[in-house]
Amino acid sequence: MKLGRPLLLSLLGVCVFGVAGLAAAEPTSPSLKVSAARGSSVDGAFTADRAIDGVISEASHWTSTASPSPAWLELDLGSTQTLAGLHLYTGLDAGGALRSFTVQFWTEGRWTDIPSATVVDNRATALALAFDDTVTVRTDRLRLWITSTPDGRARVNEVLVWPASVRTLPPLAAPADFHGPAAASPASVPLIYLNQSGFNLGHPKRFTAPTLADGTPFLVRPAAG
């Protein structure tokens, strides 16, 4: 894939993320045990605690009632933790994934958005959301603030929360009854070739990503955050 779009790059260097965006690494500790969960509403027997029961399955999920208003799922961690990110499994099939949402954390008496965990127009039913260092996520509570779903109902099969001791999020799990297209595995990072021998601030830059299809979304971030 050849991209001719001008990019202004920091003199300190950049990290370019493709769809995967995460390097694989063995976790140094397991995901956190979430103490409790509660949702904005509940549809029948599909209560919020099913989203933290350790079962990544369409048979065990939280579902909200249908509403045009945002839905939310709040996670109580039981104690204050510094976090690296989370794995999120949503929807009952490929068409049922949460469309737009953001992960928020409780700090200084209010909910604060996590910039790297804000998702718009999503189609993947499994997502690895790393919390970048634009903000230190240290909290005892997280909230999934859901603003768009396919039918007005929010469906979350499972949320796995990873502590900061995991330097890089591990690969997404593959549940046995998972039918939707999972987000790209973080097992590999796309090759990036930067067509520039030096970095001149304020001048256009180009790069080539030969292993990615044309039109693949990407982000450019400073290496320092």
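Colleague: Helices (H or I, at least four residues) and strands (E, at least two) are DSSP runs, numbered from the N terminus. So where is Ala128 found?

Modeller: Ala128 is in strand S8. Before we go on, this is a predicted model: residues are numbered from 1 along each chain as its sequence is written, and side-chain values use heavy atoms, with hydrogens and water left out. Local features need pLDDT of at least 70 and side-chain atom pairs count only at pLDDT 80 or more, while totals for chains, interfaces and linings use all residues.

Colleague: Zooming out, how many helices and strands are in the chain?

Modeller: Zero helices and 13 strands.

Colleague: And how much of the chain is buried?

Modeller: Buried residues are 43% of the 225 in the chain. Here is another number for the whole chain. Contact means heavy atoms within 4.5 Å. Of the contacts with a separation of 6 or more, 76% are between residues 24 or more positions apart.

Colleague: Which strands does S9 pair with, then?

Modeller: Let me start with the rule: two strands pair if DSSP finds at least two bridges between them. S5 (71-90) and S9 (138-148) run antiparallel and are joined by eight bridges. S6 (100-107) also runs antiparallel to S9, with six bridges.

Colleague: What stands opposite Leu142 in S9?

Modeller: Phe105 does. Leu142 is also the bridge partner of Leu75.

Colleague: Where does Leu142 come up in the largest nonpolar core?

Modeller: Among the residues with the most contacts inside it, together with Leu73. That core has 32 residues. A nonpolar core is a set of buried Ala, Val, Leu, Ile, Met, Phe, Trp, Tyr and Cys residues joined through side-chain atoms within 4.5 Å.

Colleague: Which element gives the most to this core?

Modeller: S5, with seven residues. Leu73 touches Leu142, and its other contacts beyond four places in sequence include Ala37, Trp62, Val156 and Val159. A second, separate core has nine residues, including Ile56, Tyr89, Trp162 and Val166.

Colleague: Switching topic: why is S10 called largely enclosed?

Modeller: Because nine of the nine residues of S10 are buried, S10 is largely enclosed by the rest of the structure. S10 pairs with S5 in the antiparallel sense over seven bridges, and Leu88 has Val159 in S10 as its bridge partner. S4 and S10 also run antiparallel, joined by two bridges.

Colleague: What is the bridge partner of Thr63 in S10?

Modeller: Arg155. Thr63 lies in strand S4 and is buried, with a relative accessible area of 3%. Leaving aside neighbours within four places in sequence, Thr63 is in contact with several residues, among them Ser41, Phe46 and Ala154.

Colleague: And where does Ser64 lie?

Modeller: Ser64 is in the loop between strand S4 (62-63) and strand S5 (71-90). Ser64 is buried, with a relative accessible area of 0%.

Colleague: What does the side chain of Ser64 reach?

Modeller: The backbone nitrogen of Ala154, at 2.9 Å. For a polar contact, we want a pair of N or O atoms within 3.5 Å; within protein, one must be able to donate a hydrogen and the other to accept it, and residues adjacent in sequence count only if both atoms are side-chain atoms. Beyond four places in sequence, the residues that Ser64 touches include Asp43, Gly152 and Ala154.

Colleague: Last topic, rings! How many aromatic pairs does a search of the whole structure find?

Modeller: One. Trp106 and Trp111 form an edge-to-face pair, with 5.2 Å centre to centre and 70 degrees between the planes. Rings of Phe, Tyr and Trp (its six-membered ring) pair if their centres lie within 6.5 Å; planes under 30 degrees apart count as stacked, over 60 as edge-to-face and the rest as tilted.

Colleague: What lies over the face of Trp106?

Modeller: Arg141, at 4.4 Å from the ring centre. A charge sits over a ring if NZ of Lys or CZ of Arg is within 6 Å of the ring centre and within 35 degrees of the ring normal. Trp106 is partly exposed, with a relative accessible area of 25%.

How values were computed: Buried means under 20% relative accessible area, exposed over 50%, partly exposed in between (1.4 Å probe, protein chains only).
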